[in-house]
Amino acid sequence: MQLNAYLNFKGDCAEAFKFYERTFGGKITFQQTFGDSPMKGDVPPEWSGKLMHVTLEVGPASIMGSDAPPDRYLKPQGFSVSLTVGKPEEADRIFEALATGGTVQMPIQETFWAPRFGMVMDRFGIPWAVNCDPAAA
């Protein structure tokens with residue numbers, strides 16, 4: 001079994017995933033716009049360039065996403081995408097990138113369970129929990 005986060009965006013999925021690709025050091029392995037899909041006739045012309053699906057591989061993990069049409073978009077709430085890294089410096093770097101233009105919910109800091117932990121909602125409205133694995137650090 002494999003579990004993956006699937007993130008919905010309000011029209012800025014491509015921008016978000018390019019940012020995540022750079023920030024996490026991953027690779028976008030698939031993306032398809034609504035206009036390049038069999039659904040092209042089911043969306044307004046201004047949505048033809050929006051992403052119907054994208055996959056970002058980061059090591060053995062992946063996250064996926066799409067642009068949700070305005071009448072179907074719901075603001076993310078009640079969860080965070082959890083990210084665990086091996087070094088405090090890497091946790092700090094990623095947290096700072098996610099926080100730029102976003103909202104810090106808990107500043108990245110040392111906790112009793114990890115050398116670094118912080119929570120942030122990025123500029124795309126996605127909530128993240130950045131954790132540094134104490135065994136790896």
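This is a predicted model: local features need pLDDT of at least 70, side-chain atom pairs count only at pLDDT 80 or more; totals for chains, interfaces and linings use all residues.
Residues are numbered from 1 along each chain as its sequence is written, and side-chain values use heavy atoms, with hydrogens and water left out.

**Figure 1. The whole chain, for orientation.**
The protein chain has 2 helices and 8 strands; these are DSSP runs numbered from the N terminus, with helices being H or I of at least four residues and strands E of at least two. Going along the sequence, the pattern reads β-α-β-β-β-β-α-β-β-β. Of the 137 residues, 42% count as buried (under 20% relative accessible area, with exposed over 50% and partly exposed in between; 1.4 Å probe, protein chains only). Among contacts (heavy atoms within 4.5 Å) with a separation of 6 or more, 53% come from residues 24 or more positions apart.

**Figure 2. Helix H1 against helix H2.**
Two packed helices are described by the angle between their axes and the distance between the axes. Here the axes of H1 (residues 13-24) and H2 (residues 88-99) come within 10 Å and cross at roughly 160°. That makes H1 roughly antiparallel to H2. For the cut-offs, angles under 35 degrees count as roughly parallel, over 145 as roughly antiparallel, 65 to 115 as roughly perpendicular and the rest as oblique. Axes are lines fitted to C-alpha atoms, for helices over the stretch in contact, with angles running from 0 to 180 degrees between N-to-C directions. From H1, the contact uses Phe-19, Tyr-20, Thr-23 and Phe-24, and H2 brings Arg-93, Ile-94, Ala-97 and Leu-98. Sorted by class, the contact of H1 with H2 has 6 nonpolar, 1 polar and 1 charged residues (nonpolar: Ala, Val, Leu, Ile, Met, Phe, Trp, Tyr, Cys and Pro; charged: Asp, Glu, Lys and Arg; polar: the others, Gly among them).

**Figure 3. The open sheet E5-E8-E7-E6.**
This open sheet has 4 strands in the order E5-E8-E7-E6, with mixed pairing (two strands pair if DSSP finds at least two bridges between them). E5 (81-85) and E6 (103-109) are the edge strands, each pairing on one side only. Neighbouring strands of this sheet are turned by 20° against each other on average, direction ignored. E5 and E8 (residues 127-132) pair in the parallel sense over 5 bridges. To find your way along that pair, look for Val-81 with its bridge partner Trp-128 in E8, and Val-85 opposite Cys-132.

With 6 of its 6 residues buried, E8 is largely enclosed by the rest of the structure. E7 (residues 117-121) pairs with E8 in the antiparallel sense over 5 bridges, and Met-119 has Ala-129 of E8 as its bridge partner. The two form a hairpin with 5 residues between them, and Gly-125 in the turn has a positive phi of about 90°.

**Figure 4. Strands E2, E3 and E4.**
E2 (residues 27-33) and E3 (residues 51-58) pair in the antiparallel sense over 6 bridges, with Thr-33 partnered by Leu-51 of E3. E3 also runs antiparallel to E4 (residues 61-67), joined by 5 bridges, and Val-58 stands opposite Ala-61. E3 and E4 form a hairpin with 2 residues between them, where Gly-59 in the turn has a positive phi of about 60°.

Ser-37 is in the loop between E2 and E3 and, at 3% relative accessibility, counts as buried. Leaving aside neighbours within four places in sequence, Ser-37 is in contact with Gln-32 and Met-52. Glu-90 is in helix H2 and counts as partly exposed at 30% relative accessibility. Glu-90 and Pro-45 are 45 residues apart in sequence and 41 Å apart in space, C-alpha to C-alpha.
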